[in-house]
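Hi,

Here is the structure I promised to pass on.

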Amino acid sequence: MNISIFLALFRSVRSKCPNCGIGHLYYKYLKLYKNCNNCNEELGCFRTDDFGPWLTIVIVGHIVVPLILYFEQEYAPALWLQASIWIPATLMLVLYFLPFSKGVCLAILWKTKDKN
Ligand SMILES: [Zn+2]
């Protein structure tokens, strides 16, 4: 079955197998299963390396930095207040987007390797 890159991306960003869309990609937050638990597609062979963290930094940076600059320009809150808001917000956004970013990379690798 020929699966489009868009469908593979859609499935992977939801942390599902790019081949079947049912099996889970990760255990222990970001560890890839060696094989899909539904269709047995090999997933553990794809090395996403630093692409996921890189994409996460790009996404979160484009969300957090404009907000920080806006609030600094408009309200100029105390430094301790900004730190107590932006540091946890950034950490939560990073943890939220990491599986998404890794899924993007996995879908691209999976699709480019699959030549059927
Ligand atoms: Zn699968």
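Leaving aside its neighbours within four places in sequence, which residues is Leu-25 in contact with? With contact meaning heavy atoms within 4.5 Å, the list for Leu-25 is Ser-12, Ser-15, Lys-16, Cys-17, Pro-18, Lys-31, Leu-32, Tyr-33, Leu-43 and Leu-106.

Some housekeeping before the rest. This is a predicted model, where local features need pLDDT of at least 70 and side-chain atom pairs count only at pLDDT 80 or more, while totals for chains, interfaces and linings use all residues. Residues are numbered from 1 along each chain as its sequence is written, and side-chain values use heavy atoms, with hydrogens and water left out.

On confidence: pLDDT is the predictor's confidence in each residue, from 0 to 100. The protein chain averages 94, and 97% of the residues score at least 70.

Now the zinc ion. Its protein donors (N, O and S atoms within 2.8 Å of the metal, or 3.2 Å for Na, K and Ca; water is not among the atoms, so sites may look incomplete) are the SG atoms of Cys-17, Cys-20, Cys-36 and Cys-39, at 2.2 to 2.4 Å. The angles among the four donor atoms run from 107 to 114°, which makes the site tetrahedral (for four donors, all angles between 85 and 135 degrees). In sequence, the donor residues follow the spacing C-x2-C-x15-C-x2-C. Cys-17 sits in the loop between helix 1 (5-13) and strand 1 (26-27), and Cys-36 in the loop between strand 2 (31-32) and helix 2 (51-74), so this pair ties together parts 19 residues apart in sequence. Cys-17 is buried at a relative accessible area of 0%, and Cys-36 is buried too, at 4%. For reference, buried is under 20% relative accessible area, exposed is over 50% and partly exposed is in between (1.4 Å probe, protein chains only).

In helix 1, the buried residues are Ala-8, Arg-11 and Ser-12. Seen down the helix axis, they fall within an arc of 95° (taken from the directions from the axis to the C-beta atoms), so they line one face of helix 1. Helix 3 (79-113) is among what covers them.

Two backbone spots to check: Ser-15, which follows helix 1, has a positive phi near 60°, and Tyr-29, in the loop between strand 1 and strand 2, has a positive phi of about 75° although it is not a glycine. Most residues other than glycine have a negative phi. Tyr-29 is partly exposed, at 41% relative accessible area.

Last, Glu-41, in the loop between strand 2 and helix 2, is partly exposed at 24%. Its contacts beyond four places in sequence include Cys-17, Cys-36 and Trp-110. Glu-41 and Glu-72 are 31 residues apart in sequence and 49 Å apart in space, C-alpha to C-alpha.

Cheers

Conventions
Four donors count as tetrahedral if all angles lie between 85 and 135 degrees; four count as square planar and six as octahedral if opposite donors are over 155 degrees apart and all others between 65 and 115; anything else is irregular. Helices (H or I, at least four residues) and strands (E, at least two) are DSSP runs, numbered from the N terminus.
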